[in-house]
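Please open the structure in the viewer and keep the selection tool at hand.

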Amino acid sequence: MKLSSRLLTGAGLLLCVTVAAAHGDMVPQAVDTAALPKLGAKPLSANPYRDDAKIKAIATGVGASAYTQNCARCHGLGAVSGGIAPDLRHLPPGKDGDDYYAMRVRNGVVRNGVTYMPSFKGVFDEEAIWAVRTYLDQVHVDD
């Protein structure tokens, strides 16, 4: 009984270490935004793709791909978190959540010297940032 209890405890600790290590070691991937209108290098605080239906549809497709490559590992497929990182379907919709979202994407999240989310500055251009936000607007759920 003691041996199986120790093995179970050891396995549990190994699982915890594996999950913790998997959270912050992701390398951001570049996103192909050639199909989107160029926004320039100046950081924007509101989603410029939100109001044009044709551009919104393109941005949603680009954003879904970028999200899957860069965000789903921690935030979950379809933005449905499994508990490692926040469920992004609950970001405030529209302009209310744009500023907070963009700040987190550009700067990442570091607490007590531990990277919880890498900075995407230099990896995501403005088009990629707002394409992902457009996708997240599409999967938003009300609380």
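**Before starting**

This is a predicted model, in which local features need pLDDT of at least 70 and side-chain atom pairs count only at pLDDT 80 or more, while totals for chains, interfaces and linings use all residues. Residues are numbered from 1 along each chain as its sequence is written, and side-chain values use heavy atoms, with hydrogens and water left out.

**Stop 1: the whole chain**

Display the chain as a cartoon. The chain has five helices and two strands; helices (H or I, at least four residues) and strands (E, at least two) are DSSP runs, numbered from the N terminus. Followed from the N terminus on, the elements run α-α-α-α-β-β-α.

Buried residues make up 36% of the 143 residues in the chain. Buried means under 20% relative accessible area, exposed over 50%, and partly exposed in between, with a 1.4 Å probe and protein chains only. Among contacts (heavy atoms within 4.5 Å) between residues at least 6 apart in sequence, 69% join residues at least 24 apart.

**Stop 2: the largest nonpolar core**

Select Tyr67, Tyr101, Val105, Phe124, Val132 and Leu136 and show their side chains. Of the 28 residues in the largest nonpolar core, these six touch the most other members. A nonpolar core is a set of buried Ala, Val, Leu, Ile, Met, Phe, Trp, Tyr and Cys residues joined through side-chain atoms within 4.5 Å. Which elements give two or more residues to this core? They are α2 (53–70), α4 (95–107) and α5 (126–139). With eight residues, α5 gives the most.

Next, centre the view on Val105. Not counting residues up to four places away in sequence, Val105 touches Met117, Pro118, Ser119, Phe120, Lys121, Phe124 and Ile129.

**Stop 3: α4 against α5**

Two packed helices are described by the angle between their axes and the distance between the axes. Select α4 and α5. Their axes come within 11 Å and cross at roughly 130°. Axes are lines fitted to C-alpha atoms, for helices over the stretch in contact, and angles run from 0 to 180 degrees between N-to-C directions. The helices α4 and α5 are therefore oblique to each other. Angles under 35 degrees count as roughly parallel, over 145 as roughly antiparallel, 65 to 115 as roughly perpendicular and the rest as oblique.

To see the contact, show Gly97, Asp98, Tyr101, Ala102, Val105 and Arg106 of α4 together with Glu126, Ile129, Trp130, Val132, Arg133 and Leu136 of α5. The residues of this contact divide into seven nonpolar, one polar and four charged. Here Ala, Val, Leu, Ile, Met, Phe, Trp, Tyr, Cys and Pro count as nonpolar, Asp, Glu, Lys and Arg as charged, and the others, Gly among them, as polar.

**Stop 4: α2 against α5**

On α2 the contact is made by Lys56, Ala59, Thr60, Val62, Gly63, Ala64, Ala66 and Tyr67, and on α5 by Ala131, Val132, Thr134, Tyr135, Leu136 and Gln138. These residues divide into nine nonpolar, four polar and one charged.

Now select Gln138, which lies in helix α5. Gln138 is partly exposed, with a relative accessible area of 42%. Leaving out residues up to four places away in sequence, Gln138 touches Lys56 and Thr60.

**Stop 5**

Apart from neighbours within four places in sequence, Leu36 is in contact with Tyr49, Ile55, Ile58, Ala59, Val62, Glu127 and Ala131.

Ala30 lies in the loop between α1 (2–24) and α2. Ala30 is exposed, with a relative accessible area of 59%. Draw a distance from Ala30 to Phe124: their C-alpha atoms, 94 residues apart along the chain, are separated by 6.4 Å.

**Stop 6: two positive phi values**

Select Ala79, in the loop between α3 (72–75) and α4. Phi of Ala79 is near 70°, a positive value in a residue other than glycine. Ala79 is buried, with a relative accessible area of 0%.

Finish at Asn112, in the loop between β1 (109–111) and β2 (114–117). Asn112 is not a glycine, although its phi is positive, at about 50°. Asn112 is exposed, with a relative accessible area of 81%.
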